[in-house]
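Load the model in your viewer and keep the selection panel open. The stops below go from the interface to one chain and then to the other.

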Amino acid sequence: MPPAVRSPAAMRNIHAWLLLLPAMAFIAAFTHYPAVNTFIHSFFLDGRGGAPAQFVGLEHYQYLLEDEVFHKALVNNLLFACGTIPLSISLAMTMAFLVNAGLAGQSALRLCYFVPTVLPMIAVANIWLFFYTPEYGLLEQIRGALGLTGVNWLGSEATALPCVIAVAVWKDAGFFMIFYLAALQQIPPSLGEAAMLEGASRFYYYRKVVIPLLMPTTLFVLVNATINAFRMVDHLFVLTQGGPNNASSLLLYYIYEVSFKYWDTGYGAALTMVLLGFLALASIGQFGFLERKVHYR
Amino acid sequence: MSAIQLLNVSRHWGDVRAVDDVSFEVEQGTMLVLLGPSGCGKSTTLRLIAGLESVTSGRITIGERDVTNLPPAQRQLAMVFQSYALFPHLTVRDNILFGLTVRKVPEAEREKRLTRAVDILGLGGLLLRKPGELSGGQQQRVALGRALVAEAAVCLMDEPLSNLDAKLRHEMRREIRALQQTLGMTMVYVTHDQTEAMSMADRIILMQGGRIVQNATPSELYSRPATTFAGSFIGTPPMNLVRLDDARGSVCVAGSRSGTVSVVDSANHILGIRPEHVRIAPEGWRAVVESVEYLGSSSVLGCRVGGEELSVVVDGVSPIAVGAEIYLHCPDEHIHVFDAATGERRGTCR
């Protein structure tokens, strides 16, 4: 059949597929293909010196169970998530309330809160590196002035991870604040006035009206914060390189080390699948459970 | 006894005088309507009574108590907002009971008031819905319900019907008025719709530019408008305002030799004539019909008398076509006389 005689319905389908094609090509080439490839790759051991890769089945996954560094990175990552997510979200919400309250100079305040998000991550990490530096870093100078003894913030196992958490919170909170601010400005002022007339205190109004109305934003931010927590890697390069003794190593950083420092890409692929699994679990949990509690207008 | 009293109340924002030296009283159990075009200060006045804005100067008392500096919650009033201000995440029930829960009213009392409000407003069966699942009229009822259960001394309403369609608006207008009368509520109601004001109010305060133009009953406002503005704001079609000329010793309608006027002795006046009081007569002011607007039970003729335009209401379908020459007459007792310079009422003749 010559193309000119094709039925309109068929042409519609062809048009639809053609229009979808560019986006599909990109998502297939840069997301689906690498993901599937990683999954397959995780069953192979790299051939050294040009030799072909060797099928090893579930061996990489078995090794995962014994790999102490992996366990350490996993626990660290969970701690990191538990530290950064609630802190950055509650901080973001509080900051949004503050800059939405109609105080004098709130534009300047908004800018201040947002600046950490705009700065390049590596530069930010370098600034914090100076804060944490032993003996002459900002933190130590303050402590010194107060007569306290020196702490090697990034160099001791007890404080390295909390330090990294602090940087991440500082960086993320401002970004999340923007979403909260936008959501807050969607809430009509008459709701606040009605609540005020009914005798509700400011606190009651925020607790019973504003925060529930912000739930869709919270869900969105929560998903993003979780993803951020598991893909956090940039600061580590500058701040700790995962040390000391892997005390601040996170999953993605460990994956980087295994894949591109030790060039064990097969094991790296297996680690990546674990990371993907975590992210999938987290988003299913959040959308599945929380969605029901969220009020969408 | 007056339930609400405003004494020389002003609200200024810099040079803008949103409300400027306003004084009035609202009697217990009556409905007062604040009427005016947008930006006239009527909503601001209401918000001043509610305490949502603070006064620049003046005094407000509610039930003999000076509330000028009290926060809204302590003024013992309920308010219905133009947007209804329902909490979108709460059910109808929780929306209505919001204030009572805040004020920790005992459970039994809460239920009693809820049941009563639900009965009055016909909200049964909707209690577990959220506002988003209700029609505009139902949302309006929920907002009313929230105001009812508060059992406050005063109920304020800020253009509560402006988001409803015409039919529903008419229904709710009657319903709110009936509610106000049966429950003996003291109500202050803001609107820009003169029909709403005329049909509902015990008293109307007409505002313009932050000031009170006239404080009167609906019938007074119609029969004795204080200014040309008051005359033209009330009534559909609005009052005809006719400018005058001196012509060889007599006064006549501007630009018209035949339109002699006997009720005033100089041209420094403006005549206010309601379209429904003008008659087509065998003789009088010569006029040319320029438009005919058919409204069903009546028609409005747009007529030109000299340089002035006059609307004339006739019953049913107009037998007169566009372009026809007719003569118009208005009995002297229906002619309102205003000062040409100030626009203020000089009285009807006689």
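Two residues are in contact if their C-beta atoms, placed from the backbone, lie within 7 Å. Keep in mind throughout that this is a predicted model.

**Stop 1: where the chains touch**

Select the residues of chain A and chain B that touch each other: the contact takes 16 residues from chain A and 16 residues from chain B. On the chain B side, colour helix H2 (residues 92-102) of chain B, which gives the largest share of that side, three residues. By residue class, the side of chain B that touches chain A holds eleven nonpolar, four polar and one charged.

**Stop 2: helix H1 against helix H13 in chain A**

The crossing in which H1(A) passes H13(A) is left-handed.

To see the contact, select Thr38(A), Phe39(A) and His41(A) in H1(A), then Thr265(A), Gly266(A), Ala269(A), Thr272(A) and Met273(A) in H13(A). This contact has three nonpolar, five polar and no charged residues.

**Stop 3: helix H4 against helix H7 in chain A**

Next select helix H4 (residues 106-118) and helix H7 (residues 157-186) of chain A, whose axes cross at roughly 120° and come within 7 Å. That angle makes H4(A) oblique to H7(A). H4(A) passes H7(A) in a left-handed crossing.

The H4(A) side of the contact consists of Tyr113(A), Phe114(A), Val115(A), Pro116(A) and Thr117(A). Facing them from H7(A) are Trp170(A), Lys171(A), Gly174(A), Phe175(A), Met177(A) and Ile178(A). Sorted by class, the residues of this contact are eight nonpolar, two polar and one charged.

**Stop 4: Val124(A)**

Stay in chain A and centre on Val124(A), which is in helix H5 (residues 121-132) of chain A. Is Val124(A) buried or exposed? A residue is buried if 20 or more other C-beta atoms lie within 10 Å of its own; Val124(A) has 20 and is therefore buried.

Leaving out residues up to four places away in sequence, Val124(A) touches Pro116(A), Leu119(A) and Lys171(A). Pro116(A) and Lys171(A) also belong to the contact between H4(A) and H7(A). For a distance check, draw a line from the C-alpha of Val124(A) to that of Phe230(A): the two are 19 Å apart in space and 106 residues apart in sequence.

**Stop 5: chain B as a whole**

The secondary structure of chain B has eight helices and 21 strands. Among contacts in chain B with a separation of 6 or more, 62% join residues 24 or more positions apart.

**Stop 6: the four-stranded sheet**

Select strands S2, S1, S4 and S5 of chain B, which in that order form an open antiparallel sheet. Strand S2 (16-27) and strand S5 (65-66) of chain B are at the edges with a single partner strand each, so one side of each has no neighbour in the sheet. S5(B) runs antiparallel to strand S4 (residues 57-62) of chain B, and two bridges join them. Ile62(B) has Arg65(B) in S5(B) as its bridge partner.

**Stop 7: a hairpin**

Strand S9 (residues 203-208) and strand S10 (residues 211-216) of chain B run antiparallel and are joined by five bridges. Leu206(B) pairs with Gln214(B) in S10(B). Two residues lie between the strands of this hairpin, and Gly209(B) in the turn has a positive phi of about 55°.

**Stop 8: the five-stranded sheet**

Finish with the open sheet S15-S19-S16-S17-S18 of chain B, where the pairing is antiparallel. Its edge strands, each pairing on one side only, are strand S15 (279-281) and strand S18 (308-315) of chain B. On average, neighbouring strands of this sheet are turned by 50° against each other, direction ignored. Three bridges link S15(B) with strand S19 (residues 325-329) of chain B in the antiparallel sense. Zoom in on Ile280(B), which stands opposite Leu328(B) in S19(B).

Methods
Residues are numbered from 1 along each chain as its sequence is written. Chains are lettered from A and ligands numbered from 1 in the order in which they are written. This is a predicted model: local features need pLDDT of at least 70, side-chain atom pairs count only at pLDDT 80 or more; totals for chains, interfaces and linings use all residues. A residue is buried if 20 or more other C-beta atoms lie within 10 Å of its own, exposed if 12 or fewer, and partly exposed in between; C-beta atoms are placed from the backbone. Ala, Val, Leu, Ile, Met, Phe, Trp, Tyr, Cys and Pro count as nonpolar, Asp, Glu, Lys and Arg as charged, and the others, Gly among them, as polar. Two strands pair if DSSP finds at least two bridges between them. Axes are lines fitted to C-alpha atoms, for helices over the stretch in contact, and angles run from 0 to 180 degrees between N-to-C directions. A crossing is left-handed if the near helix is turned anticlockwise from the far one by less than a right angle, and right-handed if clockwise. Angles under 35 degrees count as roughly parallel, over 145 as roughly antiparallel, 65 to 115 as roughly perpendicular and the rest as oblique.
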